[in-house]
Amino acid sequence: MKVCIIGASGKLGRYMIQHCLDRGYEVVGVCRPESVGKLADYRNLITIMPGRTDDRAVIERAVAGCDGVLTVLVPWGVHHYSTGTAQAVLDFAEPGARLVFSCGWHITRDGQDVYSWKIRLIVKLLMPLVKLARIADLDDQVEACRRIFASDTRWTVVRGSDLEEGESEGLPVWSRRVGDPILAGNMTRRIDYALFMVAALTDDSLVREAPAIVGCRTPSALAHA
Ligand SMILES: NC(=O)c1ccc[n+]([C@@H]2O[C@H](COP(=O)([O-])OP(=O)(O)OC[C@H]3O[C@@H](n4cnc5c(N)ncnc54)[C@H](OP(=O)(O)O)[C@@H]3O)[C@@H](O)[C@H]2O)c1
């Protein structure tokens, strides 16, 4: 399998590279030119394509011939970075390719998610301030996901809980709805978030799903095992 990882140099991206290599996949990684050095350990193991992830020409070249595309969807800046990235992937990925995108629990597919006061506070109060400061634009990530949900590609949007570093605990568990008791633990190891993204490439039951995930060793996950 040939897999393109878009946003390969970040923490999630590098874990995904390792999981893909462990499975024997061929990897193409897109990362910002200034971040190529962060992929030094993988220089001889993957193809690196420097470029902003919303650069349509870069994405068109990177996803050519790929069976799967793993996209780290981030809302940095106020120039539609998320929508530019998602739209390029939707437009240029091979027909039938598996497209897996990352985002947070704050993204809702059907409005049926039930959020804690903490998430509501972040979305309603903190994020507008972050946008005003021109650091990040969460609304753009929401719009990017709206376009993904509306597309007829073979997509999965993986909605991450709070994240922490540490050894792998295994494949996270998931639910369609934030607010489901199984997700109450609200913590996933970043390495396992990456594992879920990579496993989704070959899990057809996740096609056109937006799983909200949580670590499989959290008390809420164990209670529902
Ligand atoms: N952090 C959390 O608690 C959390 C919780 C739930 C879900 N998520 C989701 O998990 C995914 C990964 O996020 P992460 O927080 O764990 O960080 P991460 O894996 O380190 O990824 C951050 C990404 O953003 C890029 N980036 C950083 N600054 C940028 C800028 N100014 N302009 C453009 N790109 C920039 C990084 O590229 P460079 O390597 O080039 O800097 C990297 O690809 C995201 O989709 C996020 O929505 C995160």
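**View 1. Side-chain directions in strand β4 of a predicted model.** Gly68, Leu70 and Val72 point one way from β4, while Val69 and Thr71 point the other way, and all are buried. Buried here means that 20 or more other C-beta atoms lie within 10 Å of a residue's own; 12 or fewer make a residue exposed, values in between make it partly exposed, and C-beta atoms are placed from the backbone. In a regular strand, side chains alternate between the two faces of the sheet. Strand β4 covers residues 68–72 and is mostly covered, with five of its five residues buried. Helices (H or I, at least four residues) and strands (E, at least two) are DSSP runs, numbered from the N terminus. The model is predicted: local features need pLDDT of at least 70 and side-chain atom pairs count only at pLDDT 80 or more, whereas totals for chains, interfaces and linings use all residues. Residues are numbered from 1 along each chain as its sequence is written.

**View 2. Neighbours of β4 in the sheet.** Two strands pair if DSSP finds at least two bridges between them. Strand β1 (residues 2–6) pairs with β4 in the parallel sense over four bridges, and Ile6 stands opposite Thr71 in β4. β4 and β5 also run parallel, joined by five bridges; the bridge partner of Val69 in β5 is Leu99. From β4 the chain crosses through helix α3 (residues 81–92) to β5, and this β-α-β crossover is right-handed. Right-handed means that, with the strands pointing away from the viewer, the path from the first strand over the helix to the second runs clockwise.

**View 3. Strand β5 and its link to β6.** Seven of the seven residues of β5 are buried, so β5 is largely enclosed by the rest of the structure. Arg98, Val100, Ser102 and Gly104 point one way from β5, and Leu99, Phe101 and Cys103 the other way. β5 and strand β6 (residues 154–160) run parallel and are joined by seven bridges. Ser102 stands opposite Val158 in β6.

**View 4. Helix α3.** Nine of the 12 residues of α3 are buried, so the helix is largely enclosed by the rest of the structure. Among the buried residues are Tyr81, Thr85, Val89 and Phe92. α3 reaches 17 Å from its first C-alpha to its last, close to the 16 Å expected at 1.5 Å a residue. The expected span is 1.5 Å times one less than the number of residues.

**View 5. Helix α4.** Of the 16 residues of α4 (residues 117–132), the number buried is zero, so α4 lies largely in the open. α4 bends by about 35° at Leu126, and Pro128 follows within four residues; the bend is the angle between axes fitted to the seven residues ending there and the seven starting there. Met127 is found in α4 and counts as partly exposed, because it has 19 C-beta neighbours inside 10 Å. After α4 comes Arg134, whose phi is positive, near 65°.

**View 6. The ligand shell.** The ligand is surrounded by 23 residues, and the closest are Gly7, Gly10, Leu12, Ser35 and Gly160. The elements giving two or more residues to this shell are α1 (11–22) and β5 (98–104). A residue is near a molecule if its C-beta atom, placed from the backbone, lies within 6 Å of it.
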